[in-house]
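The sequence and the structure are shown first.

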Amino acid sequence: MKTTHLLAGTALVALLGAASVQAQEKTAHEAMTAPVSVSTKNFVKSASVGNEFEIETSQLALDRSTEEDVRKFAQHMIDDHGTAQQNLEAALPTDIDPLLAQHKLDPKHQHMYDVLKAAKPANFNAAYLHAQHNAHSEAIGLFTTYAKSGDQKDLRQFAQNTLPTIEDHAKQLSTIHATADAK
């Protein structure tokens with residue numbers, strides 16, 4: 001009888017401990033993924049740099065890739081991010097310096113572009129898709145945050161309208177990866 005109670009008690013402690021660990025992990029995950037506010041100026045600059053990175057790396061993919069699905073995706077990125085940049089510039093409030101939305105990479109993105117440009121032909125597609133995955137993950141976080149808590153109405157609407165396209169790009173990347181893995 002004591003053994004049964006001891007085993008039942010041990011099992012209960014283990015279950016409670018596991019539930020506590022799961023709750024702590026969930027809370028930690030929510031804290032890491034919870035939207036943090038982003039200033040309008042930082043949003044404009046980051047969105048513009050992201051668009052430029054997508055366009056420049058995708059132009060590189062059109063020049064270097066021989067894979068039809070990668071080339072098709074690259075052209076899609078050039079088209080969509082060109083449109084997104086035009087929409088961003090149109091949504092800029094008058095009190096924001098238009099130079100924040102200039103067509104220029106920051107040092108971080110310039111380095112990522114340079115690494116991609118230097119990739120060997122056999123590694124280019126994988127490097128391009130990896131860069132796209134990282135860029136879209138970053139963009140989804142940025143646009144989600146500003147869409148929820150941005151302080152400028154027109155830019156918040158731009159973020160809300162553009163976010164589904166960026167999420168669709170991420171889904172397309174997953175499909176391309178799955179297709180490449182199946183080959």
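## Fold and helix packing

Read along the sequence, the chain shows the pattern α-α-α-α-α-α. The model is a predicted one. It contains 6 helices and 0 strands. Of the 183 residues in the chain, 33% are buried. Among contacts with a separation of 6 or more, 78% join residues 24 or more positions apart.

**Helices 3 and 5**

Helix 3 (residues 68-91) packs on helix 5 (residues 121-149) at an angle of about 35 degrees, and their axes lie 11 Å apart. The crossing of helix 3 past helix 5 is left-handed. On the side of helix 3, the contact is formed by V70, F73, A74, M77 and H81, while helix 5 contributes N125, Y128, L129, Q132 and H136. By class, the residues of this contact comprise 6 nonpolar and 4 polar, with no charged residue.

**Helix 4**

Helix 4 (residues 107-117) has H109, Y113 and L116 as its buried residues. Viewed down the axis of helix 4, these buried residues fall within an arc of 60 degrees, and they therefore line one face of the helix. They pack against helix 2 (40-64) and helix 5. The face of helix 4 turned away from the buried side bears the exposed residues P107 and H111.

In soluble globular proteins, nonpolar side chains tend to be buried together. In this model, the largest nonpolar core has 20 residues, and F53, F73, F124, Y128 and L129 have the most contacts inside it. The elements giving two or more residues to this core are helix 2, helix 3, helix 4, helix 5 and helix 6 (153-182).

| Core | Size | Residues named |
|---|---|---|
| Largest nonpolar core | 20 residues | F53, F73, F124, Y128 and L129 (most contacts inside it) |

Which residues does F124 touch, not counting residues up to four places away in sequence? They are L60, A61, R64, S65, L116 and A119. One of these, L116, is also a buried residue of helix 4.

Conventions:
Residues numbered from 1 in each chain as written. Predicted model: local features only at pLDDT ≥ 70, side-chain atom pairs only at ≥ 80, totals over all residues. Heavy atoms only, no water. Axes fitted to C-alpha atoms, helices over the stretch in contact; angles between N-to-C directions. Helix = DSSP H or I, 4+ residues; strand = E, 2+ residues; numbered from the N terminus. Left-handed = near helix turned anticlockwise from the far one by under 90°. Contact = heavy atoms within 4.5 Å. Nonpolar A, V, L, I, M, F, W, Y, C, P; charged D, E, K, R; others polar. Buried < 20%, exposed > 50% of the residue type's maximum accessible area, 1.4 Å probe, protein only. Arc of directions from axis to C-beta. Core = buried A, V, L, I, M, F, W, Y, C linked by side-chain atoms within 4.5 Å.
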